[in-house]
Amino acid sequence: MPTEKIKRSYRKTRYILYKETLIDYKEHFWSFLGSFVGIGILAYLESSQFTGSDVVYLIGSFGASSVLIYGIIQSPFSQPRNLIGGHLISAFIGVTVNKLVPDIVWISAPLAVSLSIIFMQITKTLHPPGGATALIAVTGSAQIKALGYMYVISPVLIGVLILFLTALFFNNITSSRSYPSHSTYHKHYHKIRKRLTRK
């Protein structure tokens, strides 16, 4: 009996490892293209509106979000509610904590991240990069801190909407990809596309 369990576990492990190492060039292509365009738009906004070393639109958490919304599109953490809600809640909490405890980073940093996690859990908008968005509001440059609650609107909301709209387009461009998962958007998108290509 124990030998059978070991054999079965071994077969499962082999199958999982095999499946994980399969290379789907189409998936990789669309993941690359989507993330390239999404981050590219943010980088363009950054370079056209700001000079020097100040980085406002390209906050680090957007890179992590790109991994989720272009690379793991079926994950619950990648869905629009999580992407948008998680970033907005975390940004608001980060700014609030920075205003209440501005100069004590060993309290403000963990407090911003911890409260973000709790509020994302309560609102069912858990998005792991949201923790970084809160942390950036507390530990970011003087320019980011000077934004105050405008940080929630720009760069966070504007940046997230750009990433979301790009993901909506590139993650539905082929019939094998569907984003958001469990939605009718993908079907409507391809119906409209078929109608347009017939004309």
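**Entry 1: what covers H6**

I looked up what lies over the buried residues of helix H6, and the cover includes H3, H4, helix H5 (105–122), helix H7 (142–146) and H8. I note here that I am working with a predicted model. I then went through H6 itself, residues 129–139, and found eight of its 11 residues buried, so the helix is largely enclosed by the rest of the structure. The buried ones I wrote down are Pro129, Gly130, Gly131, Thr133, Ala134, Ile136, Ala137 and Val138.

**Entry 2: the chain as a whole**

I stepped back to look at the whole chain, where I found nine helices and zero strands. Read from the N terminus, the order of elements is therefore simply α-α-α-α-α-α-α-α-α. Of the 199 residues in the chain, 39% are buried. I also looked at contacts between residues with a separation of 6 or more, and 66% of these join residues 24 or more positions apart.

**Entry 3: H4 against H8**

How do H4 and H8 pack, and at what angle? I found helix H4 (residues 80–100) and helix H8 (residues 150–170) packed at an angle of about 165°, with their axes 10 Å apart. An angle over 145 degrees counts as roughly antiparallel, and the two helices are therefore roughly antiparallel to each other. The crossing of H4 past H8 is right-handed.

I listed the residues that meet: from H4 they are Pro80, Leu83, Ile84, His87, Leu88, Ala91, Phe92 and Val95, and from H8 they are Tyr151, Val152, Val156, Leu157, Val160, Leu161 and Phe164. Sorted by class, this contact of H4 with H8 holds 14 nonpolar residues, one polar residue and no charged residues.

**Entry 4: H3 against H8**

I next turned to the other contact of H8 on my list, where the axes of helix H3 (residues 60–71) and H8 come within 11 Å and cross at roughly 25°. That angle makes H3 roughly parallel to H8, and H3, too, passes H8 in a right-handed crossing.

On the H3 side I noted Phe62, Ser65, Ser66, Ile69 and Tyr70, which meet Pro155, Val156, Gly159, Val160, Leu163, Phe164, Thr166 and Ala167 of H8. The classes in this contact of H3 with H8 are nine nonpolar, four polar and no charged. Comparing my two lists, I saw that Val156, Val160 and Phe164 of H8 meet residues of H4 and also meet residues of H3.

**Entry 5: H4 against H5**

Which residues make the contact between H4 and H5? I first noted that the axes of H4 and H5 come within 9 Å and cross at roughly 145°, and that H4 passes H5 in a right-handed crossing. The contact is then made by Gly86, Ile89, Ser90, Ile93, Gly94 and Val97 of H4, together with Ser108, Leu111, Ala112, Leu115, Ser116, Phe119 and Met120 of H5. I counted the classes here as eight nonpolar, five polar and no charged residues.

**Entry 6: the UniProt record**

I checked the record as well, and the unreviewed UniProt entry places the feature "transmembrane region" at residues 28–45, 55–73, 104–122 and 149–170. I compared two of these spans with the model. Residues 28–45 are 100% helix and 0% strand, and the end C-alpha atoms of the span lie 26 Å apart. Residues 104–122 are 95% helix and 0% strand, with the end C-alpha atoms 27 Å apart.

**Entry 7: prolines and one lysine**

Where are the cis peptide bonds that I noted? One runs from Ser154 to Pro155, with omega near 25°, and Pro155 is found in helix H8. Another runs from Tyr179 to Pro180, with omega near -5°, and Pro180 has its place in the loop between H8 and helix H9 (185–198).

Pro76 lies in the loop between H3 and H4, and its relative accessible area of 57% makes it exposed, the cut-off being over 50%.

Is Lys124 buried or exposed? I found that Lys124, in the loop between H5 and H6, counts as exposed at 61% relative accessibility. Its phi is near 55°, a positive value in a residue other than glycine.

Terms used: Residues are numbered from 1 along each chain as its sequence is written. This is a predicted model: local features need pLDDT of at least 70, side-chain atom pairs count only at pLDDT 80 or more; totals for chains, interfaces and linings use all residues. Side-chain values use heavy atoms; hydrogens and water are left out. Axes are lines fitted to C-alpha atoms, for helices over the stretch in contact, and angles run from 0 to 180 degrees between N-to-C directions. Helices (H or I, at least four residues) and strands (E, at least two) are DSSP runs, numbered from the N terminus. Angles under 35 degrees count as roughly parallel, over 145 as roughly antiparallel, 65 to 115 as roughly perpendicular and the rest as oblique. A crossing is left-handed if the near helix is turned anticlockwise from the far one by less than a right angle, and right-handed if clockwise. Contact means heavy atoms within 4.5 Å. Ala, Val, Leu, Ile, Met, Phe, Trp, Tyr, Cys and Pro count as nonpolar, Asp, Glu, Lys and Arg as charged, and the others, Gly among them, as polar. UniProt positions are given in the numbering used here, feature names are shortened, and annotations may be inferred rather than shown by experiment. Buried means under 20% relative accessible area, exposed over 50%, partly exposed in between (1.4 Å probe, protein chains only).
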